[in-house]
Amino acid sequence: MAELQLQQTAYAYCNKYQTVQALKGVDYQFESGRFYALVGRSGSGKTTLLSLLAGLDFPTEGKVLFNGKPTAELDCDEYRRDDVAVIYQSYNLFPLLTVLENVTYPLELKKTPLPEAKAIAKEKLLSVGLDEGHLKRFPAMLSGGEQQRVAIARALAGGAKIILADEPTGNLDEENGAVVVSILQRLAHEDGYCVIVVTHDMGIADKADEVIRLSDGRIVSSESAADAG
Amino acid sequence: MYMAWISFTRNPRSSLAAIALVAALAAFISIFANSITMSEAELENAYATIPVDAYIMGASATQPPRFNDELYQQILSSGFVAASRAAAECQVHSRDTLRALDSIEMDAALSEYAPGIEWLEGYDESLFAGEQAVCIAPRSAELALGEEARLPMRTRRSVVAVLTVVGLYGGGYDGFGGATYYCPLPVLRGLYEENGMPFSYCGLEMELCNTRELGTFKAQMRELRLDGGMTRLVVNDALLISVTTQLARHVRLLKTLLPLIFVLIAAMGFVMSFLLLRGRRREAAVMRSLGAKRRRVFATLLLETAMQAVTGAALGALAAFLISGRDALCLVKMALVLACYLFGGAAAALHFARVNVLKLMAARE
C-alpha cells in the first residue's frame with residue numbers, strides 16, 4: 001500500500017516581478033487503488049502540485065509525505081526511481097532508443113539483469129496492448145497513442161506504485177485518449193496503483209474516483225464518484 | 001554505458017561532426033608537434049655540424065701572443081676543446097727562429113711549402129706529432145738531410161738545440177728576415193724545462209665542441225683574462241649564431257603556441273559538446289525524472305563525448321601518419337588532445353546533467 005499525503009503544503013516561487021504563491025496550505029491524502037483527477041484552470045497550481053508529488057521539487061511550507069515520511073527527507077532520485085512514475089503529455093520517450101529499450105531504461109537504473117529487464121519490459125508492453133511487433137520500433141515510428149502507451153509501460157516497468165500523469169491525453173485523439181484512460185483506470189482498480197492525473201478534460205475527470213478541483217493554489221472541492229453517484 | 005553507446009551509434013550526424021572536429025585537431029596537433037620536433041632536430045644538427053673554431057691572438061699583428069703552460073692546460077680542460085694545435089718559438093743564432101709545432105697546419109707558411117719539402121727517408125709531416133729531436137731546416141741554412149743543426153738560443157747562448165735535419169724547405173736565399181727552423185713542440189718545451197727556463201706558447205688554435213653552451217665557454221675564458229689585453233681569445237661563431245638564433249626563435253614560438261592550442265582545444269570541446277548536447281537537454285531531463293542520479297546522467301553524456309573523441313583522435317592520428325609519416329605519431333600528444341577536448345566536453349556534460357527537470361514538466365509540445 002503506497003500512500004501520498006499533503007500536509008499544509010504550500011509552494012511559492014519568485015519570478016522577475018513578484019513572489020508567486022502557487023500552492024497555499026493544501027491538505028489531502030491519496031490512496032492506493034484509486035484514480036484521482038486534478039482539475040482546474042491554468043495557473044491554478046495543478047502542475048506544481050504534481051511536481052511536488054513527483055519529488056521534482058519540495059514544498060516551501062508544509063510537507064508531502066510518502067508512506068508517512070516527508071519526501072524532502074528521502075533520496076529524491078531513489079524516490080523517483082522506485083516509488084513514483086510520471087507520464088507526460090509529450091510522452092518524453094528517448095528518441096534514439098527502441099520501444100523495448102525505452103521501457104528497459106528504468107530497470108537498467110535499478111541494475112536489473114538485462115534478460116530479466118527485457119522480460120519485464122515485454123510484459124508491461126503487452127499489458128498496455130503493444131505486441132512483439134512494436135518492440136524494435138523507434139518512438140518516431142509510432143502513433144501518439146502508441147507512444148503514450150510506451151510511456152505508461154515505462155512507468156510501470158520501474159515498479160512504482162504511484163503513477164502521476166500530466167495531461168496524458170492532451171496530444172491524443174478521442175479514441176487513443178480513451179484507450180490511455182482505460183489503461184490508467186485498470187491500473188488503479190485492478191492492479192492497485194495510485195493514479196493521479198492532471199487534466200483539463202472533463203471526460204477523464206468523469207471517470208476518476210476522485211476529482212480534486214484546484215483554484216488559486218487551493219483545493220476548492222473534492223468529489224468522489226460515490227458522492228457524484 | 002549502453003545509453004552512451006546507443007547515442008554514439010544511432011546519432012551519426014552528431015557523432016560524425018564531433019569525430020571530424022577531433023580528428024582535425026588531432027591531426028593538426030600531430031603535425032604541429034612533429035614540426036617542433038623537426039625544428040629541434042634541425043637546431044641540434046646545426047650545433048653538431050656547424051664548426052666553431054677559436055684561436056688566441058696577440059695585441060697586434062707584429063706582437064704574437066704569449067701564454068704559459070698553465071693557461072694552456074686550463075683552456076684545454078675547459079670541456080669545450082675538441083681538438084687543438086699549438087705553437088711556440090724562440091730566437092736562435094743572431095736572427096734565426098726555431099719554431100715548435102704540434103701540427104704542420106699550425107704554421108701557414110710551412111703548410112704552403114709542404115709539397116716541396118724534401119724529406120729524409122722515413123720522415124714526413126707526422127714528425128710534429130712525435131717527440132724526436134729533429135727539425136725541418138730552410139735550404140738557405142745549407143744543411144744536408146741527416147746532418148745535425150746546432151741552434152744556440154739568442155737569450156742564453158749556452159743552451160743549444162741540437163736537432164737532426166730530416167726535411168728541407170724553401171729556396172736557397174732567406175732574404176733579410178732570417179731563417180726559420182721547425183721542430184716538434186715537445187722538443188722545445190723539453191729544452192726549456194731541462195734548463196729551468198719559463199716556457200711559453202705563441203699560438204693556439206682550437207676546434208670547439210659542446211657549442212650549445214658557448215656562453216659558458218666565453219665566461220670561463222673571461223675569467224682567465226683572455227677577453228682583451230695582450231692575449232685574447234677569438235671565437236669564430238658568427239655562422240653558428242646566425243643559423244641557430246633563427247631556429248631557436250622558431251622553436252620557442254612553436255613551443256609557446258602549443259599550450260595555447262591545447263587551451264583552444266578544450267574550448268572547442270566545450271562548444272562542440274554544448275551544441276550537440278543542447279538538442280538533447282530533454283533526454284537528460286527525462287533520465288533525471290526517471291530517477292537517474294545527476295552523476296549517472298553526467299557519465300552517460302561524457303562517455304558519449306569520449307567515444308566521439310577517441311574515434312576522432314584515432315582517425316586524426318591516422319591522417320597525421322599518412323601526411324607526415326610515422327614520426328608524427330605521438331601518444332602523449334594524442335592523450336593531451338583527448339584530455340583537453342574531454343575537459344571541455346565534461347564542462348558541457350556537467351551543464352546538461354544539472355538540467356532543471358521542473359521545466360520539463362511545464363514543457364508541452
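Start by selecting B:Arg10 and A:Glu101: these two form a salt bridge, and their closest N and O atoms are 2.6 Å apart. (A salt bridge here is a side-chain nitrogen of Lys or Arg within 4 Å of a carboxyl oxygen of Asp or Glu.) Across the interface of chain B and chain A, the rule finds five salt bridges.

Before you click on, a bit of housekeeping. Residues count from 1 along each chain as its sequence is written, and chains are lettered from A and ligands numbered from 1 in the order in which they are written. This is a predicted model, where local features need pLDDT of at least 70, side-chain atom pairs count only at pLDDT 80 or more, and totals for chains, interfaces and linings use all residues, while side-chain values use heavy atoms, with hydrogens and water left out.

Now show the whole chain B and chain A contact. It takes 25 residues from chain B and 29 residues from chain A, contact meaning heavy atoms within 4.5 Å. Together the two chains bury about 2700 Å², 57% of it on carbon and sulfur atoms. (That's the accessible area, with a 1.4 Å probe, that two parts lose on being put together, summed over both.)

Next, select the domains of chain B. Domain 1 covers 2-44 + 244-362 and domain 2 covers 53-236; the bounds come from an automatic or database domain assignment. Their centres, taken over C-alpha atoms, are 68 Å apart.

Hop over to chain A and look for an open sheet of four strands, in the order S2-S1-S4-S5 with antiparallel pairing. (Strands are DSSP runs of E, at least two residues, and helices are runs of H or I, at least four residues, numbered from the N terminus; two strands pair if DSSP finds at least two bridges between them.) At the edges sit strand S2 (19-30) and strand S5 (69-70), each pairing on one side only. Strand S1 (residues 4-14) and S2 of chain A pair in the antiparallel sense over eight bridges. Zoom in on A:Ala12, which stands opposite A:Gln21 in S2.

Last stop: which residue does A:Lys24 meet in a salt bridge? Select A:Asp216, with 3.1 Å from N to O. A:Lys24 lies in strand S2 and A:Asp216 in the loop between strand S9 (210-215) and strand S10 (218-224) of chain A, so the pair ties together parts 192 residues apart in sequence.
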